[in-house]
Amino acid sequence: MKKLKTMDENVLRLTILLFAFLLIAGVTKGDSFLKVSIFQTMGKQLSEYGLMAVGCGICMISGGIDLSCVYVANLCGIVAGLLMQKSGFPIWAAVIAAIVTGAACGAFNGFLISCLKIPAMLATLGSYQLFQGISVVISGGSSVGNIPKAYSAFGSVTVMGIPAAFLVFLAIIIAMSFFMGKTVFGTRIYLVGTNAKSAMFAGIKNKTILTGTYMLSGLISGCAGLLSLARINSAKADFGTSYTMQCILIAVLGGVNPNGGFGSIPGIAIAVLILQMLSSYLNTFPDISNYYRDSIWGIALIGVLIINFTLEKRKTARQAKMN
Amino acid sequence: MKNLMNKLIKQTEFWVFMIIIVLALLIQARSGAFFANNNIVDIMRSMICPALYAVCALLAFVSTGPDVSFPLIAALSSYLAIVITYGTGYDGPWFVVYLIGMFFGALMGALNGFIIVKYKFPSLIVTLGTSSLFSGILLGAFEAERMELPDTLQRFGSMNLLTVSNEKTGLGSALPMTFLILIVVYLIAYAVLNFTMVGRGVYAIGGDEISAERAGFDVKKIRFGIFVINGMIAAVAGLCYSVMSMKYLPTEFAGGEMVVIAAIVLGGARLTGGVGTLKGCLLGTLLLTMVTNSLILAGISVYWQKVFIGGIIIIGTAIPAIQYFLGGSRGKKVKGGEAA
């Protein structure tokens, strides 16, 4: 019960931050920022790395980390793209093949981490090189283009003004919130992340939980890869390498504890929104170099950690006084 | 217990060494060019920067946890050193430029150290954040671009320790003076880690922080000091890189951290802290440098390079697990040794 309350507090804090930011942006750059087209572009961009952040986030909740999200996404995009290029290969089958690839990559990570007991960071560090290598080998090092129109149209379709990609993002967020918050498996992920040893003694099969978590992360990354394939009409082995850092940042900003056990999917979703708005807002200033974004994200990451730390400390101090 | 630990660590290094020899023989058998003098010198040359970074990664790993900020500390501090050298028109001995770089590197390392020591955040997250910050400062605020080196560094870069040329192919290769810097850094690091109290402290706080504190080590000071020194070594590595390519290339630094971390893990450093040696870190670097440099000699396409590196990292990190499966009792001893 207490855990639930702190999680809500964090989501509340983030929501307030989001609206405060919207207000500032609206007042200072109202004419060029508050436009439907800008929000549509944001919706398309954020769904890709937003999904990867969710994948990375659940791994962090389980006490590990997934550095391979971006490369799993690229691999899935390349697999789907190559299959679609073949005439007569149905598009839905290519999509399924990509998602299965993602899940298989994730399961491989999960196997390394849970069965071979390699620390998650190192396992995914090695596997991302492997996945990137496989992508390079099967794509021949160049980008995979020539995507059938029927599929790439998905990248520009809007439903009542909302980009379809964003709807996919929203659907996965809702499904994952339900999964992490309401199902037995989700609760067990939190337990394993809080304390793997006690979870084991409580009769939870850690290996199954961890493998499942990483498989899920790979599956979600696969969806992200499919979305970016539709949006930019091609897939490449080294696309979006800076997203790795961004995903971790989003997860931490969204209240995920890097040591595992804490965090919520809605928190991650709101953090994605905040980050994308911040970066689109900065884009409306032509004289601010894109590279400044790196600095701002770095400061935001450490700043959020420090703020959370101080708030937590104050709260424990208050509780200690009350007792 | 200590003997046992040493023996086990030696085993990891021994295996890496065996893999290196097998790989070298394989490449030699397929191409006949691996043991050519120019190839050996080439490998030594390409090892210099990764091996310097590896010291940073090792110190951080053994005492605290992964540090991924060293490539950007290297980029930013060498940029500042070069710009200041230009600004003042300085044209004296090269090591003054290195000292300037080390000063800035130390400042950036101190920022890492401060945040990690004060708030006890995971070092991976903190250094990811700071390296993003440094990258923004370098490319956004300073708008760094590729530039020529000042005269003093150019002179230093054109000095060679030794030059060889292959009689059969006519290909030549030179070992730059920066190799001496590598040797000096390793000798100092070796002496400090093995023969001083502070050096033992580095291992102690990584093994068990609370026990180390009870044993009288100042955990905070040692940890902070490690990150400051990491910053300094990173700055040296950054300047060496620039000197060796005879140009300052701001965008070439980022992205190298993962391979370096992989190298030291192959060399036997443990993510859990407290375990890892300089020997292992050199061997791991050598192995990965060989893979990147010489696979092409063995007739394997460059496309496969990443697959090989990924595979080697996974197999290398899985070795402790495999050892554990092979002999239960030995596995338990590994655990005991770690805690000691």
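Predicted model: local features only at pLDDT ≥ 70, side-chain atom pairs only at ≥ 80, totals over all residues.

Me: Let us begin with chain A. How many helices and strands does the secondary structure of chain A come to?

Reply: Chain A has 13 helices and two strands. Along the principal axes, its C-alpha atoms fill a box of roughly 70 × 55 × 35 Å.

Me: What radius of gyration does chain A have, and what would a compact globule have?

Reply: A compact globule of 323 residues would have a radius of gyration near 20 Å, and the 20 Å of chain A agrees with this. Buried residues make up 49% of the chain. Among contacts in chain A with a separation of 6 or more, 79% join residues 24 or more positions apart.

Me: How is chain B to be read in the same terms?

Reply: The secondary structure of chain B comes to 14 helices and four strands. Its radius of gyration is 20 Å, close to the 20 Å that the globule rule gives for 340 residues, so chain B is as compact as a globular protein of that length. The C-alpha trace of chain B spans about 60 × 55 × 35 Å along its principal axes. Of its 340 residues, 48% count as buried. Residues 24 or more positions apart supply 76% of the chain B contacts with a separation of 6 or more.

Me: At what angle do H4(B) and H10(B) pack, and how far apart are their axes?

Reply: Two packed helices are described by the angle between their axes and the distance between the axes. For H4(B) and H10(B), residues 219–245, the angle is about 145° and the axes are 6 Å apart. The crossing of H4(B) with H10(B) is right-handed. The residues of this contact comprise 19 nonpolar, eight polar and two charged.

Me: Which residues have the most contacts inside the largest nonpolar core?

Reply: In soluble globular proteins, nonpolar side chains tend to be buried together. The largest nonpolar core in this model has 197 residues, and those with the most contacts inside it are Met52(A), Leu52(B), Leu58(B) and Ile264(B). Helix H2 of chain B, residues 37–63, provides the largest share of this core, 15 residues. Beyond its neighbours within four places in sequence, Ile264(B) is in contact with several residues, including Ala54(B), Leu58(B), Phe61(B) and Cys281(B).

Me: Which value does phi take in Asn233(A), and where does Asn233(A) lie?

Reply: Phi of Asn233(A) is near 70°, a positive value in a residue other than glycine. Asn233(A) lies in the loop between helices H10 (206–232) and H11 (243–253) of chain A. With 17 other C-beta atoms within 10 Å, Asn233(A) is partly exposed.

Me: Is Glu143(B) buried or exposed?

Reply: Glu143(B) is exposed, because it has 10 other C-beta atoms within 10 Å. Its phi is near 50°, again positive in a residue other than glycine. Glu143(B) lies in the loop between H5 and strand E1 (147–148) of chain B.

Technical notes
Residues numbered from 1 in each chain as written. Chains lettered and ligands numbered in written order. Axes fitted to C-alpha atoms, helices over the stretch in contact; angles between N-to-C directions. Left-handed = near helix turned anticlockwise from the far one by under 90°. Nonpolar A, V, L, I, M, F, W, Y, C, P; charged D, E, K, R; others polar. Rg over C-alpha atoms; globule rule 2.2 N^0.38 Å. Buried ≥ 20, exposed ≤ 12 C-beta atoms within 10 Å, placed from the backbone. Contact = placed C-beta atoms within 7 Å. Core = buried A, V, L, I, M, F, W, Y, C linked by C-beta atoms within 7 Å.
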